[in-house]
Amino acid sequence: MIRRVVLVVLGLIWLGPTYLLLVNASRPADAYDPAGAWIPSVDFALFDNVATALERADLGQSLASTALYSVVSPLLGVLIGAMAGYTIVVLRLRFGFLWFMLIFGGTIFPSQMLLVPLFIGYSEAGLYDDRLGMLLLYTAINVPLAAFVLRNFYSGVAFSIFEAARMDGASTFRIFFRIYLPLSMSALAAVFILEFTFIWNDLIFGLVLTQSEGVRPVMVALNGLITDVYAGTPVPVGLAAGLMVSLPTVALFLATQRLFARGLSLGSV
């Protein structure tokens, strides 16, 4: 009984910020009062606040760009990572562990260390403030995690499957796309969800490498809107925008949480 009470209390404390976000994002833009932040407003204005945020920060274009980055780059990243894991483990690439360390070793560097070289390189290559440049960057960032998970997964798959397929005359690419890739769909889905969430929530790369409204990620646009809260943007409008932007990742995780858990367990063999 005591355990349940403690868990309920801790759950309520954990949900407190979410409650404040929902309550204050739903009140009229001109009715925000810090002293009454915990008290719900009689007037429901969430959709009006969302519409105001979309108009002020032009979030529509940023949402479209972020959706493109968050879908295409993880798909390419998990595919390349799966091919790397397949080559290292199944095809037994010479010095495979060193190749794996080369791929995965890039994750040891903090993102802040990459900003100046990326900014200079993108400016010289004409990729600054370009959707293609952001797609390439996010894809490259996603490959190491996919390679790590899929290398572990393929290490647990019997090598006799590959040998039997080769005996039947299948090429290495056909074996990968027809056998190994379908076998690893759960692990691929788990990595895709993680990488989708990372790209959707990215701020630092978008802030440094983009400028125009049609290219910048949505978190950059949201950051500009929230900054304007101190210069005239009503607090409920900023909160409504934050709530709207966070919904896709929350919905994706809730819809795929079982697949996500199963995929991670498979990838940790």
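Modeller: Let's open with a term: accessible areas come from the Shrake-Rupley method with a 1.4 Å probe, and for residues only the protein chains shown count as cover. In this chain the accessible surface comes to about 15,000 Å², and 69% of that belongs to carbon and sulfur atoms.

Colleague: Before we go on, what should I know about the model itself?

Modeller: This is a predicted model, where local features need pLDDT of at least 70 and side-chain atom pairs count only at pLDDT 80 or more, while totals for chains, interfaces and linings use all residues. Residues are numbered from 1 along each chain as its sequence is written, and side-chain values use heavy atoms, with hydrogens and water left out.

Colleague: How many helices and strands are there in the chain?

Modeller: Helices (H or I, at least four residues) and strands (E, at least two) are DSSP runs, numbered from the N terminus. Here you get 12 helices and zero strands. As for overall extent, the C-alpha atoms fill a box of roughly 75 × 60 × 30 Å along the principal axes.

Colleague: What share of the residues counts as buried?

Modeller: Buried means under 20% relative accessible area, exposed over 50%, and partly exposed in between (1.4 Å probe, protein chains only). Of the 269 residues in this chain, 39% are buried.

Colleague: And which contacts does methionine 134 make?

Modeller: A contact means heavy atoms within 4.5 Å. Methionine 134 sits in helix H6 and is buried, at a relative accessible area of 0%. Leaving out residues up to four places away in sequence, methionine 134 touches a set of residues including Tyr69, Tyr122, Phe205 and Pro217. Across the chain, 73% of the contacts with a separation of 6 or more are between residues 24 or more positions apart.

Colleague: Is threonine 172 buried, exposed or partly exposed?

Modeller: Threonine 172 counts as partly exposed because its relative accessibility is 26%. You'll find threonine 172 in helix H8 (residues 172-183). Beyond its neighbours up to four places away, threonine 172 touches Tyr86, Leu91, Phe162 and Arg166.

Colleague: How much space lies in the largest pocket?

Modeller: On a 1 Å grid over the protein atoms alone, a pocket is an open set of points where a 1.4 Å probe fits, with protein on both sides within 12 Å along at least five of seven lines; lining residues have an atom within 4 Å of a point. A volume is the space filled by probe spheres set on points joined across faces, edges and corners. In the largest pocket that is about 350 Å³.

Colleague: Which residues lie nearest the centre of that largest pocket?

Modeller: Among the 17 lining residues, Gly106, Thr107, Ile141, Asn142 and Pro144 lie nearest the centre. H6 gives the most to the lining, with five residues. Asparagine 142 is in helix H6 and is buried, with a relative accessible area of 2%. Its contacts beyond four places in sequence are with Ser73, Pro74, Gly77, Glu195, Phe198 and Ile199.

Colleague: Last one: how do I read phi, and what is its value at arginine 92?

Modeller: Most residues other than glycine have a negative phi. Arginine 92 has a positive phi, near 55°. Arginine 92 lies in the loop between helix H3 (59-90) and helix H4 (96-104), and counts as exposed at 56% relative accessibility. Aspartate 129 also has a positive phi, of about 55°, although it is not a glycine. Look for aspartate 129 in the loop between helix H5 (111-125) and helix H6 (131-155).
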